[in-house]
Structure formats: structure tokens, C-alpha cells
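Please read it with the coordinates open.

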Amino acid sequence: MHELVGALRSYAWGSRTALAQLCGRPVPSAHPEAELWFGAHPADPAQVSIDGHSTSLLDVVAADPQRELGAVAPAFGGRLPFLLKILAAEEPLSLQAHPSAEQARGGFERENQARVPLDSPMRNYRDDSHKPELVVALERFEALAGFRDPRRTVALLRALAVPELAPYADLLAAQPDSDGLRTLFTTWITLPQAMLAGLLPKVLDGCVRYLSDKNCPDSHGTGETPSAGKEFVAEARTTLELAEAYPGDAGVLAALLLNRLTLQPGQGLFLAAGNLHAYLHGVGVEIMANSDNVLRGGLTPKHVDVPELLRVLDFEPLDVPIVTAEPVGDGSFRYRAPAAEFALRRFDLTAGAEPTAVPRTGPGIILCTAGTVRLRQGAAELRITPGNAAWISAADSNIRAQAVDGDAQLFCACVGDE
């Protein structure tokens, strides 16, 4: 086992405080800090500390995939199949979806044949892999994820009492299924700018009226539970917030079709291929297949490719896809996700408790998110603190973890075992 130093990524939607505070660095940071990458992705691999020297995890794995990855090496072409991150969103991320494995292979081949450079900002497919992903909240985490039941969306559109929305509500009410959602989403996301400029302000006015109604729960920050007929407070607020961040963006309208959810600390959200989503605010641990394929539809200054997004989207209405941690003993919790590339466990370590075994399949990355953790393998010992991690090769066995000087928390990422 070796210390693993994450690669810090700066994006405009990141936080100047969250990652810095977690890692014990001065606040505020010089730039918005969005993600810490712990993995072997070519775009920004983490660094392994070996005998006082820093080496890219990508190079470590490539030098001896059989030792580092073990029996899973052939199945994943000698590459580490997952990417672990800490994500800190201060502002909303783009409205996006990820392709299936088949779509990713086809899209990557098409763009290669078209000779689109891999580092081009106009590129959709940077590799040939799909990108299922799971995020687990470290604090309250806000997101949009999957298309809402069309009947509830019709109720939302009518609750806003905007006459210009009536034809769209009627359209979806007449066909409350995936086909109706596809029609309405496509209509909105491709709306001519002149029509969008006329419709969007009226929708925002409707949201303001809805929230300013004296009967609207929590309109004055009271924290009261929404009463009957006022169930869309979060949706209306989110619409206004998105419009402020991305004025005139068709993605603001499209967001009205998605489930609006809040994860409490420890809850997870799994997103399969084709699920439209946007993270809004919060800090979480994220694990995904080792891919950087993103199709964007709005709410971003980055490359947007609506036709390609429409090719990959799954319009089936989705129940709120929250993943509950399953206790598996010794303060360990498992997050079930149907992905061959990764599995994730959380360990809540209690001060003074005996060392806890950290089971895994194949290679692993152990990430500390609270307190100080002592990792032991035989006579070898490694201490990690929040924001730091350890690389565990497939050849490393019998890893045990123990809290030092108070309670601690860690996550263990490994290859999927289902």
C-alpha cells in the first residue's frame, strides 16, 4: 500500500472553501476547486508515493498490470476500471447525460474518423467507455436526476399558473409517458431563441408568484412542511436559481422535467447511461467507470451538442434514484450499484475500537473523509487524513483500518463484485 495524492481540478462551478477546508488548507483557495481525482485517468492521474518518489498511478498500473490489478486485469484491458473523486459544487453543473457502452464505442470511433483531436473542446467522446456513476453525499447535496413522472410534471406546470405553459402541459397530459417527455423535452431544448426569450421570463414570473404566495410554505424561511397544493417549492426555487446562473438558457426549461432531490449525508445517487441530470450544490464522494464522456444539453459555457444528447437520452420516467447505505457490520456500509467497474463501501470508524478489516475485490483506493486513519498491512503502516488516500494493489492483502485521535470516516473503492 502506498500514499495516493489526488489531482485537483479547477472548474468555474467549484468551491473556494469546501475542498480546502476538508484537506486542511487555507481558505479561501485562489481558484474555485471542483474535484479531487483519485485514479488512473489519462487526463489527470493521481500520484503514488513510492520510496519518497512520486509516480503517476497510470504509469504504476501500466508497468505491471498483473500485479497491480490482479485477476481483473484482462477484463479491463490492463487499465484501472474506476475513477474515484471528491466533488464540491458551489454552483450548478451542466445538464448532462452519459452514453451506454455501445454508444460510447460508436461515438468515439466516429470522432476519431472525423479526426477531432482528443483535447478539442468540441469533442463529445474522449474514450470508448460508458460512465455509470454513483455519488454519496458528505453533506446536504442537491441534484436534478432523471425524468419525473409526467403526471406530476403536468401538475407542476399548471401550479405555476403561466398561460403560455398551458399548451405544453396539455401536450404532456395527453401523452403522459416517455414519448410525451421526449416530445416536450425536444421542443423546449430546441426552442428558437426568440420564442425562448418570450417564454422564459413568464415562467420565472410564475415561479416568483408561486413562492411569494402567502400560503406558500417556507416562503419566508420558516422551514415549514409544504401543505397540499404547494409541493413544488424546491422546483420553483431551483428554476429561479438556474435562470440567474444561466440567463436565457433552454436548459432552465428542461430542468422543469426532472426529479428535484436532496441527499442527506450518507445517502447515494446512482446514474445509469442515458439519465439526464445536473448536480446543483454540495460535497460528495463520487465513483464512476474510468471515463470522461459527457453529453451536455445546457446550463454550461462548455460544448453543447443537443442532437447527440438526444441520441443517448433515456426518457423513461425515473423514480428518485436514491441509494441507501446497507450496514454490513463493523461500522461498514455498502452502496449497491449495478456496475462491473466499481463498488463502494463506507467505514465509520470509532475512536478506541479495534482495527477493522477492509475487504475488497482486486485493487482498491482507500480515501479518508474525516478524522485520521491508520492503515496497517502486516508490519507496514500508513496514516491518511481528510482528502488523502492510499493505493492498494491487488497483491496487497489483509488491510486493516483504525481511527486515530477520535472518530474517522473512510471510503473504499474497488472493482465491482456483482
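1. Basis. This is a predicted model, in which local features need pLDDT of at least 70, side-chain atom pairs count only at pLDDT 80 or more, and totals for chains, interfaces and linings use all residues. Residues are numbered from 1 along each chain as its sequence is written, and side-chain values use heavy atoms, with hydrogens and water left out.

2. Strand β3. Helices (H or I, at least four residues) and strands (E, at least two) are DSSP runs, numbered from the N terminus. In a regular strand the side chains alternate between the two faces of the sheet. Strand β3 covers residues 35–38, and both of its faces are covered. Glu35 and Trp37 sit on one side, Leu36 and Phe38 on the other, and all are buried. Buried means under 20% relative accessible area, exposed over 50%, and partly exposed in between, with a 1.4 Å probe and protein chains only.

3. Partners of β3. Two strands pair if DSSP finds at least two bridges between them. Strand β2 (residues 7–9) is joined to β3 by three bridges, and the two run antiparallel. Four bridges join β3 to strand β6 (residues 82–89), again antiparallel. Which residues flank glutamate 35 in these pairings? Arginine 9 stands opposite glutamate 35. In β6, the bridge partner of glutamate 35 is leucine 87.

4. Strand β11. Residues 268–271 form β11, which is covered on both faces. Gly268 and Phe270 lie on one side and Leu269 and Leu271 on the other, all buried. Strand β8 (residues 133–137) runs antiparallel to β11, with four bridges between them. Valine 136 stands opposite glycine 268 there. Strand β14 (residues 322–323) pairs with β11 over two bridges, in the antiparallel sense. In that pairing leucine 269 stands opposite isoleucine 322.

5. Helices α5 and α6. Two packed helices are described by the angle between their axes and the distance between the axes. Axes are lines fitted to C-alpha atoms, for helices over the stretch in contact, and angles run from 0 to 180 degrees between N-to-C directions. The axes of α5 (residues 150–159) and α6 come within 9 Å and cross at roughly 160°. That makes α5 roughly antiparallel to α6. Angles under 35 degrees count as roughly parallel, over 145 as roughly antiparallel, 65 to 115 as roughly perpendicular and the rest as oblique. The crossing is left-handed: the near helix is turned anticlockwise from the far one by less than a right angle, and clockwise would be right-handed. Contact (heavy atoms within 4.5 Å) is made by Pro150, Thr153, Val154, Leu157 and Arg158 of α5 and by Tyr168, Ala169, Asp170, Leu172 and Ala173 of α6. By class these are seven nonpolar, one polar and two charged residues. Ala, Val, Leu, Ile, Met, Phe, Trp, Tyr, Cys and Pro count as nonpolar, Asp, Glu, Lys and Arg as charged, and the others, Gly among them, as polar.

6. Helices α6 and α7. The axes of α6 (residues 166–174) and α7 (residues 178–189) come within 8 Å and cross at roughly 155°. The two are therefore roughly antiparallel. This crossing is right-handed. On α6 the contact uses Tyr168, Leu171 and Leu172; on α7 it uses Gly180, Leu181, Thr183, Leu184, Thr187 and Trp188. The classes are six nonpolar, three polar and no charged.

7. Backbone points to check. The peptide bond from valine 27 to proline 28 is cis, with omega near 0°. Proline 28 is in the loop between α1 (18–23) and β3. Leucine 299 has phi near 60°, a positive value in a residue other than glycine. Leucine 299 lies in the loop between β13 (295–298) and α11 (306–312). Is leucine 299 buried or exposed? Leucine 299 counts as buried because its relative accessibility is 1%. Asparagine 398 also has a positive phi, near 55°. The loop between β21 (389–392) and β22 (400–414) holds asparagine 398. Asparagine 398 is exposed, with a relative accessible area of 66%.

8. Two further loop residues. Valine 358 lies between β18 and β19 (364–377) and is buried, at 5% relative accessible area. Leaving aside neighbours within four places in sequence, valine 358 contacts Phe347, Ile366, Ile399, Ala401 and Cys412. Glutamate 354, in the loop between β17 (343–349) and β18 (356–357), is exposed at 65%.
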